[in-house]
Amino acid sequence: MKLLPLAPNGQTPVRALTIAGTDSGGGAGIQADSRTMAMCGVHACVAVAAVTVQNTLGVSGFHEIPPEIVAGQVRTVVGDIGIGAAKTGMLASTAIIEAVAAVCEEVGIGREGSIPLVVDPVAASMHGDPLLHASALDALRDTLIPLATVITPNLDEVRLLTGIEVVDDLTAHKAAEALHALGPKWAIVKGGHLRTSEFSTDLLFDGETFHELTAPRIATGNDHGGGDTLAAAMASALAHGYSVPAAFTFAKEWTRRCLEASYDLGAGHGPVSPLWRLHEDATSLLGDGTGPS
């Protein structure tokens with residue numbers, strides 16, 4: 001795959017912002033976003049929306065950051081550092097979602113602004129632990145998703161947002177249309193959780209045209225942080241100036257490579273890993289191991 005460029009030493013890289021929750025186990029959330037952004041040649045700025053208590057077995061609790069503090073982090077980063085793209089993850093509550101939507105409009109983040117916004121509408125962990133108050137779904141639909149350049153829900157989140165259970169190609173297309181009707185510029189339906197298929201097929205829809213990407217399913221239980229990684233990779237590519245379809249293509253392949261490089265951790269699901277890029281770069285520097293050429 002074509003990798004995103006790394007800035008030369010001493011040169012300021014492109015910047016992106018993740019507005020999300022932490023993962024004390026380091027597999028998902030802001031930690032996964034920051035790892036992917038760094039490996040994509042992006043300086044990652046963060047706005048912490050919640051602090052979770054979790055490990056590889058699940059989430060046992062979380063603490064919400066006051067909404068004005070979340071919004072303040074966004075405002076102060078954009079005003080000083082500047083960013084090329086932003087993404088959201090776990091936002092936990094209606095108040096935080098509304099604060100994030102308001103500050104994004106204020107500073108020009110979103111489909112109508114100059115800074116593209118990837119909305120990953122995180123509602124539950126991969127173990128099914130709730131990461132969003134049920135009452136906040138309406139705030140997602142009404143205030144944040146309409147601001148999005150692109151949204152990247154998993155199939156459980158598609159069902160919560162649209163009421164459509166994706167079980168095949170037909171329902172995936174209907175879900176993409178229903179998601180787009182909520183107001184984003186582009187909508188993605190990810191097929192990674194459709195375990196009955198030997199392939200993982202993702203759809204991107206802009207209201208007129210479907211873009212479909214299919215890859216063989218990778219047999220691993222170590223897929224923690226996969227959704228965060230795809231959304232962060234999309235934000236990274238957008239920050240580098242990619243179009244949404246090109247960023248989608250890059251992010252799909254990036255996530256596949258991260259799944260291939262995933263590793264065991266703790267007693268539960270291990271994380272996907274963007275650290276494979278370090279091996280790629282080392283190989284290009286050292287050659288094939290046979291000595292100087």
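A residue is counted as buried when its relative accessible area is under 20%, and by this criterion buried residues make up 49% of the 293 residues in the chain of this predicted model. The chain contains 9 helices and 9 strands, and its C-alpha trace spans about 60 × 45 × 40 Å along the principal axes. When the contacts between residues at least 6 apart in sequence are considered, 69% of them are found to join residues at least 24 apart.

The packing of one pair of helices was examined in further detail. Two packed helices are described by the angle between their axes together with the distance between those axes. Helix α5, which covers residues 155-162, packs against helix α6, which covers residues 169-180, at an angle of about 55 degrees, and the two axes lie 10 Å apart. Because of this angle, α5 is oblique to α6, and the crossing of the two helices, α5 and α6, is left-handed. On the side of α5, the contact is formed by V158, L161 and T162, which meet A175, A178 and L179 of α6. Of the residues in this contact between α5 and α6, 5 are nonpolar and 1 is polar, while no charged residue takes part.

Terms used. Residues numbered from 1 in each chain as written. Predicted model: local features only at pLDDT ≥ 70, side-chain atom pairs only at ≥ 80, totals over all residues. Heavy atoms only, no water. Axes fitted to C-alpha atoms, helices over the stretch in contact; angles between N-to-C directions. Helix = DSSP H or I, 4+ residues; strand = E, 2+ residues; numbered from the N terminus. Parallel < 35°, antiparallel > 145°, perpendicular 65-115°, else oblique. Left-handed = near helix turned anticlockwise from the far one by under 90°. Contact = heavy atoms within 4.5 Å. Nonpolar A, V, L, I, M, F, W, Y, C, P; charged D, E, K, R; others polar. Buried < 20%, exposed > 50% of the residue type's maximum accessible area, 1.4 Å probe, protein only.
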